[in-house]
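Student: I have a sequence and a structure open before me, and I would like to learn how to read them. Could you take me through the features one at a time?

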Amino acid sequence: MVAKTLLSVEDLQLHYQTRRGIARAVDGVHFDIRANEALVVLGESGCGKSSLAKALLRVLPRNVHRFSGRIMLGETDIMALGEEAFRRDVQWTRIAMVMQAAMNALNPVVRVGEQVAEPLRVHLGWSRQRAMERVAKTFELVGVSTDFLQRYPFELSGGMRQRVVLAMALVTEPELVILDEPTSALDVLTQASIMNVLKRIKQEQGTSFMLITHDVATSSEIADRVALMYAGQIVEVADANEFFHEPAHPYSQMLMASVPRLRQEEEPAHIPGQPPDLIDVPGGCRFADRCPSRFGRCDREPEPFRVSARRQVRCWLHAPDARSGGDA
Ligand SMILES: Nc1ncnc2c1ncn2[C@@H]1O[C@H](COP(=O)(O)OP(=O)(O)OP(=O)(O)O)[C@@H](O)[C@H]1O
C-alpha cells in the first residue's frame, strides 16, 4: 500500500531583504513527504536548506521580504493559517524541529528533563506531572536513561545532549520532525548511533523526518528519498536508491562523483566554480555556468520536470520532449 502524502509543498518562496538587495534563499521549491518517510535534503552551504526548514516551521527572521507558496500538512492548508492558529495547532506540535547546533543552545542552568517538558507545558498546557511522565517515555525512546532527567546539560556528553534535543522535538509526538545538520558536530560513531535512533523511531512511531545535511554518507543511512538543493531551488528529488545509484541532474551526478569512498583508487572529482550569489541569480538555469552538459535551452529557466511518479528533475535534459530532440 502506498503511504499517504503528509506534507505537500508548492512554489515555496522565502526571500530576505538585505543591504545589498533581495536574497532569494528559497525560490520556487516543490516537493512532498509521505507518512513515515525520511526525506534527506542535501546541498552545499548557503543553498537555502535551513531557510527551507524555517519556512516550513514559520520561524522567520524580521527581514523577510517575501514568504509565499502553498504548504499542505495532511488536509490542512497551513499557509492559510493566521499566526495564532499556526502557533497553536502546528508549530512544535505537528511539525517540530531540531535546529542547527541546538545541543549547544540548551539552557545551562535548567535540568534537561524540565527543558524537554517545556513544549508540552508551553504549547499544550500540560501539568508538570503529566509532562514529566511523557518526558520519561521520550527519554527511553531516544535511548537516554531516565536517571538523566535531573541532570544539567554540562553533565552530558555531546551525543547525549543531541538525544536530549531530539527528545524535545519528539515529545509532543509530531507528525513531521525536521532535523538541521543533527550530527555534524559529532564524531562518526556517535553520528551512527544517532542515525540508528532515528531509524528506530521512524519504524516504531511512524514519524516522518526531513533531515538536512551536506553529508552524503550520513544521509544514505536513513534516506527513503533525497532532495538536492542548489541556489534556492530543488534540482532533483528522487527515491534514495535511484538518487545514489543513477543520479539524473548533472549537479547530482557531479555531487555523487565527488563523494570520497574508502579504498578509492582515483581522486574524488571536484565541481569547478561557485554557486551563484542568491542576490543576483542568473536568468536561465542556475547551474548552467558549472554544467558540462549545458546547451542552448539552458539560457531559459527549467521547471521541475516529473520524469517518473517519484522523481522530479529541474533540467532541460529531462524535459518531456528532450529525448525526441527538443530545440537543442
Ligand atoms: N536572515 C537572513 N537575512 C539575509 N540573508 C540570509 C538570512 N538567513 C540566511 N540568509 C542567506 O540566505 C542564503 C541561504 O542560507 P541558508 O542558511 O538557508 O543556507 P544553508 O544551505 O542552510 O547553509 P548552511 O549549510 O551553511 O547552513 C545564504 O546566502 C544566507 O547568507
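Tutor: We shall go through the sheets, a strand, a core and the surroundings of the ligand, in that order. Please keep in mind that this is a predicted model, in which local features need pLDDT of at least 70 and side-chain atom pairs count only at pLDDT 80 or more, while totals for chains, interfaces and linings use all residues. Residues are numbered from 1 along each chain as its sequence is written.

Student: In what order do the 8 strands of the open sheet lie?

Tutor: Helices (H or I, at least four residues) and strands (E, at least two) are DSSP runs numbered from the N terminus, and two strands pair if DSSP finds at least two bridges between them. Here the order is E6-E7-E8-E3-E9-E10-E12-E11, and the pairing is mixed. Strand E6 (95-98) and strand E11 (305-308) stand at the edges with a single partner strand each, so one side of each has no neighbour in the sheet. Neighbouring strands are turned by 25 degrees against each other on average, direction ignored; for such angles, axes are lines fitted to C-alpha atoms, for helices over the stretch in contact, and angles run from 0 to 180 degrees between N-to-C directions.

Student: How many residues of E8 are buried?

Tutor: A residue is called buried if 20 or more other C-beta atoms lie within 10 Å of its own, exposed if 12 or fewer, and partly exposed in between, with C-beta atoms placed from the backbone. In E8, 6 of its 6 residues are buried. In a regular strand the side chains alternate between the two faces of the sheet.

Student: What is the order of the 4 strands in the antiparallel sheet?

Tutor: That open sheet runs E2-E1-E4-E5. Strand E4 (residues 64-73) is joined to E5 by 2 bridges, and Leu-73 has Thr-76 in E5 as its bridge partner. H1 packs on this sheet, touching E1, E2 and E4, and its direction makes about 70 degrees with that of E2; two residues are in contact if their C-beta atoms, placed from the backbone, lie within 7 Å.

Student: Which residues have the most contacts inside the largest nonpolar core?

Tutor: A nonpolar core is a set of buried Ala, Val, Leu, Ile, Met, Phe, Trp, Tyr and Cys residues joined through C-beta atoms within 7 Å. The largest one has 85 residues, and Ala-167 and Leu-228 have the most contacts inside it. H5 supplies the largest share of this core, 7 residues. Leaving aside neighbours within four places in sequence, Ala-167 is in contact with Val-116, Thr-138, Phe-139, Val-142 and Val-144.

Student: Which residues come nearest to the ligand?

Tutor: A residue is near a molecule or strand if its C-beta atom, placed from the backbone, lies within 6 Å of it. Of the 16 residues around the ligand, Tyr-16, Ser-45, Lys-49, Ser-50 and Ser-51 come nearest. H1 gives the most to this shell, with 3 residues.
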